[in-house]
Amino acid sequence: ALPISPIMRNEFERLSSRLPLELLSMKRYELPAPSSGQKNDITAWQECVNNSMAQLEHQAIRIENLEIMSQHGPNAWKVYNDNLVRMIEISQKELQKLRKNIQDLNWQRKNIQLNAGAKLREMESTWVSLVSKNYEIERAIVQLEIDIHQVKQQQGDENKENIKQDN
């Protein structure tokens, strides 16, 4: 979850309590007259006049800032928007490069795996062939051993007959 600022937390609490939205305070824009006890005091009136002049100057500066903003603000926003468009274009080009690199890498991996698969099938075929040859060789050896045994037995039988005939 995202961290919630104290201002947002207070606003959520206000909404959950169904309290009305607080109105903007206009207290700082009020120009109070001197209190009833100071109605005849020239310094109190002078302070009120100074306060009203300060607020008037503040409002004049705000108006001047708004006029400057209306003259130069649109250009600043255009420049800002142009910068954003350039940043988006650069980011999109970078994204396209990255996607192309990923696609190239995936093609390389696929080719490597296909080549490895072909080599594995070839090696498996060679292995099966060699195992079959080994089996044939073992059968031939067993057959030769049987033949040798039979020949030895025949020679042994012949030798026995020769010995019997000599006796």
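Biologist: How many residues apart are Arg14 and Glu11 in helix H1?

Modeller: Helices here are DSSP runs of H or I with at least four residues, numbered from the N terminus. Arg14 and Glu11 are 3 residues apart in helix H1 (residues 6-16), so about one helical turn separates them. Keep in mind that this is a predicted model, where local features need pLDDT of at least 70, side-chain atom pairs count only at pLDDT 80 or more, and totals for chains, interfaces and linings use all residues. Residues are numbered from 1 along each chain as its sequence is written, and side-chain values use heavy atoms, with hydrogens and water left out.

Biologist: What do the side chains of Arg14 and Glu11 meet in?

Modeller: A salt bridge, meaning a side-chain nitrogen of Lys or Arg within 4 Å of a carboxyl oxygen of Asp or Glu. For Arg14 and Glu11 the N to O distance is 2.4 Å.

Biologist: Is Arg14 buried or exposed?

Modeller: Buried means under 20% relative accessible area, exposed over 50%, and partly exposed in between (1.4 Å probe, protein chains only). Arg14 is buried at 16%, while Glu11 is partly exposed at 29%.

Biologist: How many salt bridges does the rule give?

Modeller: The count is 3. One of them joins Lys100 and Asp104 at 3.0 Å, N to O; these two sit 4 residues apart in helix H2, about one helical turn. Glu136 and Arg139 also pair up, with their closest N and O atoms 3.7 Å apart.

Biologist: Which helix holds Lys78?

Modeller: Helix H2, residues 42-166. Lys78 is exposed at 53%, and its C-alpha atom lies 63 Å from that of Arg121, 43 residues away along the chain.
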